Each structure stands twice: as structure tokens, then as C-alpha cells.
Amino acid sequence: MYKYEDLECSILSCFFLKPELMEQTKLEDKHFKNYYRVWRFMKAFYKKYNNFDLTLMCSVCKNRWKFMQYVIDIFEQEPTASRFKEYEEQLIYLYNEDEKDKWIIKKIYQKTCDLWVRNITTEEFKRQVDYIYQQANKIFD
């Protein structure tokens, strides 16, 4: 689908199009990697004003020129607000997939170190790597 960053922009753009989506979203702070600060600002702004009026937003933000550049980036995506749920689900899926990969890499790295210093055999390493993948599937799926 989209790159992670583009998906974040599409979601944020949907919030500008339909601010009431903020009340329905399942997204959390952790899901925003590239636009975290914009997300946090939008959440706080919506909590106080219940809308995303650009004039109001610029009046309260610290650096309105930087904020406007973010807004331009966000609106370049031109998403459809009716697809918001799909965007949201895809972002959560990609986030979880990334977390799963990081977890697997960390665990395999630990086992690789044991293999390098000969604490385990190659057969034991293979068994443990297979077990790591089984555990990852249970934890992250």
C-alpha cells in the first residue's frame, strides 16, 4: 500500500477533513513515527477546540511556518475520509509488523552471540530460531 510516512499523512489529512474521526480512532501515540509531534498537537488541539480550524491552529502553535509546512505535506496526500478505517487498520498492521521484526531480530541476535562463542551448536541454534518465530507468531498475531 503506502509507505508508512504517507499513510500517517493520509490519516492526519482525514482528521482535517472529518475532525469527529478523532473520537473514533484506535490509533495511539506509538503508531506515529514520522509525524508524532503533529499528531500530539492535533490531539491536544482537538481536545480543547473540537475542530481543526487552521486559523485557530496557527494562532496557538509555537512555530506556525513549520506547522504550515506539515499541513502542506499532509494535504498533498489527498485521501478519502471514507477510507479512514482502512488507513487506520493498515497503519496499526504495519506498526505491529515492524515491532514483530524488531523483536525477532533482537532474539536471534542473542542466539547468534551464543553460537559465535560456541555456547550452542548449529543444530541447537536452528531449533531456537524456529522457536523464536513460533513465539513471535503467538505474541504478535
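Visitor: Is R118 buried or exposed?

Guide: R118 is exposed, because its relative accessible area is 66% and the cut-off for exposed is over 50%. Keep in mind that this is a predicted model.

Visitor: Where does R118 lie?

Guide: Look at the loop between α5 (84-116) and α6. The backbone of R118 also deserves a look. Its phi is positive, about 65°, although R118 is not a glycine.

Visitor: Which loop holds N50, another residue with a positive phi?

Guide: N50 sits in the loop between α2 and α3. Its phi is about 55°, and N50 is not a glycine either.

Visitor: Staying with α3, is T55 buried or exposed?

Guide: T55 belongs to helix α3, residues 54-60. Its relative accessible area is 63%, so T55 counts as exposed. Now pick out K138. The C-alpha atoms of T55 and K138 are 47 Å apart, and the two residues are separated by 83 residues along the chain.

Visitor: And Q128, buried or exposed?

Guide: Q128 has 18% relative accessibility, so Q128 is buried; the cut-off is under 20%. Q128 lies in helix α6, which spans residues 122-140.

Visitor: Which side chain does the side chain of Q128 contact?

Guide: The partner is the side chain of E124. The polar contact is 2.7 Å.

Visitor: Next, rings. How many aromatic pairs are there?

Guide: The count is 12 aromatic pairs. Take Y35 and Y70 as one case.

Visitor: Which parts does the pair of Y35 and Y70 tie together?

Guide: Y35 is in the loop between α1 (4-17) and α2, while Y70 is in helix α4, so the pair ties together parts 35 residues apart in sequence. Y35 is buried, at 5% relative accessible area. Y70 is partly exposed, at 23%.

Visitor: Why do F45 and F52 count as stacked?

Guide: Because their planes are at 20°, with ring centres 6.4 Å apart; stacked needs planes under 30 degrees apart. F45 is buried, with a relative accessible area of 4%. F52 is buried as well, at 7%.

Visitor: Which residues do ring pairs link into a cluster?

Guide: F16, F41, F45, Y46, Y49, F52, F67 and F75 are linked by ring pairs into a cluster.

Visitor: Last topic: pockets. How is empty space found?

Guide: A probe the size of a water molecule is rolled over the atoms, which shows where empty space is left. Here the largest pocket holds about 280 Å³ of space.

Visitor: Which residues line the largest pocket?

Guide: The lining consists of R37, V38, F41, C61, K62, N63, K66, F67 and Y70. F41 and F67 are in the ring cluster.

Visitor: How many residues of the lining are nonpolar, polar and charged?

Guide: The lining of the largest pocket has 5 nonpolar, 1 polar and 3 charged residues.

How values were computed. Residues numbered from 1 in each chain as written. Predicted model: local features only at pLDDT ≥ 70, side-chain atom pairs only at ≥ 80, totals over all residues. Heavy atoms only, no water. Helix = DSSP H or I, 4+ residues; strand = E, 2+ residues; numbered from the N terminus. Buried < 20%, exposed > 50% of the residue type's maximum accessible area, 1.4 Å probe, protein only. 1 Å grid on protein atoms, 1.4 Å probe; cavity = no way out; pocket = protein on both sides within 12 Å on 5 of 7 lines; lining within 4 Å. Points joined across faces, edges and corners; volume = space filled by probe spheres on them. Nonpolar A, V, L, I, M, F, W, Y, C, P; charged D, E, K, R; others polar. Phe/Tyr/Trp six-rings, centres within 6.5 Å; stacked < 30°, edge-to-face > 60°. Polar contact = N/O pair within 3.5 Å; in protein donor to acceptor, adjacent residues only side chain to side chain.
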